[in-house]
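Here is a friendly walk through one structure, written for reading beside the sequence and the 3D view. Please keep both open as you go.

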Amino acid sequence: MKGKMTQTQILLAAGGGGFLLLVGALGWFGWSSLGEVQTQAQALAEKKVKPELAAIISRPGGAGAARKEATEMAKLAEEIGQGEEVLVASWREGYEKASGQGEPWSQDANQWKDRLIQANDALAKRAGKKGGNSGVIFGE
């Protein structure tokens with residue numbers, strides 16, 4: 001054998017080296033992507049061990065069906081909230097009016113007392129009380 005290589009041999013050696021580098025790079029990327037898939041599979045297996053997630057994953061439709069049910073439940077909760085607001089609105093309005101929110105008499109105790117006395121007097125007049133003898137007298 002001679003110590004010198006021909007041009008064809010050099011090209012073949014360079015091509016072989018490039019091919020080996022390409023195969024090595026593809027192998028490295030393949031193993032790393034395989035590791036990622038294996039990690040995802042392990043995470044999925046761990047989720048299946050949890051009973052609440054196992055029910056979602058094992059049923060037909062899986063996460064998509066669970067997401068659809070969750071949106072339907074959110075719509076139902078919103079409808080219930082709107083119905084509750086309709087039922088409670090009049091009570092809330094009456095409470096705000098009775099408590100005098102924003103009224104000056106609800107901030108000052110003396111004005112509140114005067115208003116209470118006026119309301120009691122108005123109720124007494126409507127009830128028909130006329131003085132000291134207007135109470136009910138029970139027999140012995």
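## Surface, fold and contacts

The accessible surface of the protein comes to about 12,800 Å², and carbon and sulfur atoms account for 62% of that area. Please keep in mind that this is a predicted model. Of the protein's 140 residues, 3% count as buried.

How many helices and strands does the protein have? There are 4 helices and 0 strands, and reading along the sequence gives the pattern α-α-α-α.

**Confidence.** The mean pLDDT of the protein is 80, with 81% of the residues at 70 or more. Among the elements, helix α2 (residues 51-58) has the lowest mean pLDDT, at 67, while helix α3 (residues 62-99) has the highest, at 86. Where pLDDT is low, the predicted coordinates should not be read in detail.

L20 has its place in helix α1, which covers residues 7-49. Is L20 buried or exposed? With a relative accessible area of 61%, L20 is exposed, because the cut-off for exposed is over 50%.

**The salt bridge.** The structure holds 1 salt bridge. Its partners are E85 and R92, and their closest N and O atoms are 2.7 Å apart. E85 is partly exposed at 39% relative accessible area, and R92 also counts as partly exposed, at 33%.

**Aromatic pairs.** A search of the whole structure finds 2 aromatic pairs. In one of them, the rings of W91 and Y95 have centres 5.8 Å apart and planes at 10 degrees, so this pair is stacked. A pair of aromatic rings is described by the distance of the centres and the angle of the planes. W91 is exposed, with a relative accessible area of 57%, whereas Y95 counts as partly exposed at 46%.

The table gathers the accessibility values for the residues discussed so far.

| Residue | Relative accessible area | Class |
|---|---|---|
| L20 | 61% | exposed |
| E85 | 39% | partly exposed |
| R92 | 33% | partly exposed |
| W91 | 57% | exposed |
| Y95 | 46% | partly exposed |

**Helix α4 and what follows.** Helix α4 takes in residues 109-127, which makes 19 residues. From its first C-alpha to its last, helix α4 reaches 27 Å, close to the 27 Å expected at 1.5 Å a residue. Which residue follows α4? That residue is G128, and its phi is positive, near 95 degrees.

Methods:
Residues are numbered from 1 along each chain as its sequence is written. This is a predicted model: local features need pLDDT of at least 70, side-chain atom pairs count only at pLDDT 80 or more; totals for chains, interfaces and linings use all residues. Side-chain values use heavy atoms; hydrogens and water are left out. Helices (H or I, at least four residues) and strands (E, at least two) are DSSP runs, numbered from the N terminus. Buried means under 20% relative accessible area, exposed over 50%, partly exposed in between (1.4 Å probe, protein chains only). pLDDT is the predictor's confidence in each residue, from 0 to 100. A salt bridge is a side-chain nitrogen of Lys or Arg within 4 Å of a carboxyl oxygen of Asp or Glu. Rings of Phe, Tyr and Trp (its six-membered ring) pair if their centres lie within 6.5 Å; planes under 30 degrees apart count as stacked, over 60 as edge-to-face and the rest as tilted. The expected span of a helix is 1.5 Å times one less than its number of residues. Accessible areas come from the Shrake-Rupley method with a 1.4 Å probe; for residues, only the protein chains shown count as cover.
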